[in-house]
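Okay everyone, thanks for coming. Let me put the structure up on the screen, and then we'll walk through a few of its helices.

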Amino acid sequence: MEGQDEVSAREQHFHSQVRESTICFLLFAILYIVSYFIIRRYKRKSDEQEDEDAVVNRISLFLSTFTLAVSAGAVLLLPFSIISNEILLAFPQNYYIQWLNGSLIHGLWNLASLFSNLCLFVLMPFAFFFLESEGFAGLKKGIRARILETLVMLLLLALLILGMVWVASALIDSDAANLWEFYLPYLYSCISLMGCLLLLLCTPIGLSRMFTVMGQLLVKPAILEDLDEQIYMITLEEEALQRRLHGLSSSVEYNVMELEQELENVKTLKTKLERRKKASAWERNLVYPAVMVLLLIETSISVLLVVCNILCLLVDETAMPKGTRGPGIGSASLSTFGFVGAALEIILIFYLMVSSVVGFYSLRFFGNFTPKKDDTTMTKIIGNCVSILVLSSALPVMSRTLGITRFDLLGDFGRFNWLGNFYIVLSYNLLFAIVTTLCLIRKFTSAVREELFKALGLHKLHLSDTSRDSETTKPSANGHQKAL
């Protein structure tokens with residue numbers, strides 16, 4: 001009987017492993033297909049030639065798609081785990097959800113950590129060096145020569161990084177000498193800390209920029225505005241620019257390019273005005289205010305949760321991200337409000353991720369990284385994939401550190417050394433709350449600041465970025481640019 005029980009246990013373990021592997025493969029296949037279409041939407045079409053460079057571009061495209069799929073998996077990791085915990089609590093004995101268990105969740109966290117390291121340290125450097133390689137001088141040109149140069153560059157990069165980590169770790173702990181047990185975990189811990197610091201910089205900016213972005217996507221209410229008059233004026237300006245453009249000689253290249261750019265801006269503004277005119281009354285007067293109020297509520301809840309987490313850190317050591325382990329998956333709800341609280345946590349996690357991406361592309365240093373439809377080079381695509389991978393890999397750590405969720409970090413995500421440092425975690429929470437509040441205050445008081453600068457005559461000194469932007473790109477009250 002004992003032998004039969006052992007064989008039965010082995011069979012169940014084998015079937016569970018096959019089932020979990022199949023589920024992981026299907027989930028990743030869906031993410032890979034979606035990522036492929038996203039990258040193809042932005043990839044420059046002129047790169048699709050049929051030669052050696054086309055093969056290199058195709059390989060780099062596949063590696064970038066793999067990295068973007070891993071990034072999407074890292075973003076979905078924490079929400080999927082939270083909702084799985086609530087489903088197992090609601091239906092503990094349901095036959096159709098037996099595949100959703102703690103083993104599958106732990107396996108997904110381990111795979112996300114493994115693939116994140118693989119993409120960050122191997123695949124993306126390989127794709128970049130392979131794209132830029134030409135082969136060593138004296139060797140026959142071709143794919144093999146480029147692969148050889150790429151491998152040599154990867155080896156030199158690995159030696160450089162390991163040397164830097166060796167020196168940094170020696171300054172912290174001179175007794176540590178094991179590569180696999182100390183140096184590599186220490187390296188990934190540093191990368192995760194850099195990702196969380198990048199999120200700390202991008203997320204507050206993105207939270208304030210979300211109001212501007214949604215204002216550009218939605219139709220604003222037309223209060224005391226005559227859209228017909230604005231469209232009429234902008235049409236006259238368009239016709240005047242077209243007459244000037246046809247009347248200029250082709251030898252005046254600078255004036256022609258300047259007029260074409262101005263004509264393009266006028267057409268864009270005319271399209272926006274026509275869209276506002278065609279929008280229904282409920283879209284103008286209901287959707288826009290509702291979305292703005294919703295963004296304000298989500299931002300306020302995020303800041304309040306961070307403030308509550310700061311108070312918990314001061315009185316309870318279990319609030320630390322690297323504290324004591326809570327109940328297993330499916331044992332107890334991690335939210336005070338049950339399923340509603342879990343849904344709110346998931347919404348806030350996605351909101352923070354979108355805000356961090358918006359804030360990342362709003363920074364001046366990363367502004368040139370913004371992808372353009374059908375006009376993004378493979379080098380820029382690789383840079384975007386690496387940036388999104390760093391942000392998405394740090395998202396679960398940031399969500400747990402800020403107290404957005406109480407779900408314990410699984411796998412290698414919960415083994416970072418700095419998560420156990422009280423002063424680092426407390427400073428991170430304080431900085432997030434303060435910087436987010438300052439960004440929101442700056443956002444909502446920008447109009448008042450502009451009027452004060454104009455009243456004091458300081459607007460000519462360009463002390464405000466918003467005033468400078470409004471002078472260059474903002475249309476006047478009657479719908480056409482001040483340059484007319």
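Predicted model: local features only at pLDDT ≥ 70, side-chain atom pairs only at ≥ 80, totals over all residues.

H2 covers residues 52-90, and it packs against H3 at an angle of about 155 degrees, the two axes being 9 Å apart. Anything over 145 counts as roughly antiparallel, so that's what we call H2 and H3.

Now over to the other partner of H3. H3 is residues 102-132, and it also packs with H10, this time at about 160 degrees with 10 Å between the axes. That angle is again over the 145 cut-off, so H3 and H10 are roughly antiparallel too. Their crossing is left-handed.

Who's touching whom? On the H3 side you've got residues including Trp109, Cys119, Met124 and Phe128, and they belong to a set that meets H10 residues, among them Met378, Ile382, Leu389 and Pro396.

Okay, H10 itself. It runs over residues 378-401, so 24 residues, and from first C-alpha to last it reaches 34 Å, close to the 34 Å you'd expect. Still, there's a kink in H10: about 40 degrees, at leucine 395, shortly before proline 396. And that proline is one of the residues in contact with H3.

How many of the 24 residues in H10 are buried? It's 20, so H10 is mostly covered. Finally, just after H10 ends, look for glycine 403, which has a positive phi of about 80 degrees.

Note on methods:
Residues numbered from 1 in each chain as written. Heavy atoms only, no water. Helix = DSSP H or I, 4+ residues; strand = E, 2+ residues; numbered from the N terminus. Expected span 1.5 Å × (residues − 1). Bend = angle between axes of the 7 residues up to and from the residue. Buried < 20%, exposed > 50% of the residue type's maximum accessible area, 1.4 Å probe, protein only. Axes fitted to C-alpha atoms, helices over the stretch in contact; angles between N-to-C directions. Parallel < 35°, antiparallel > 145°, perpendicular 65-115°, else oblique. Left-handed = near helix turned anticlockwise from the far one by under 90°. Contact = heavy atoms within 4.5 Å.
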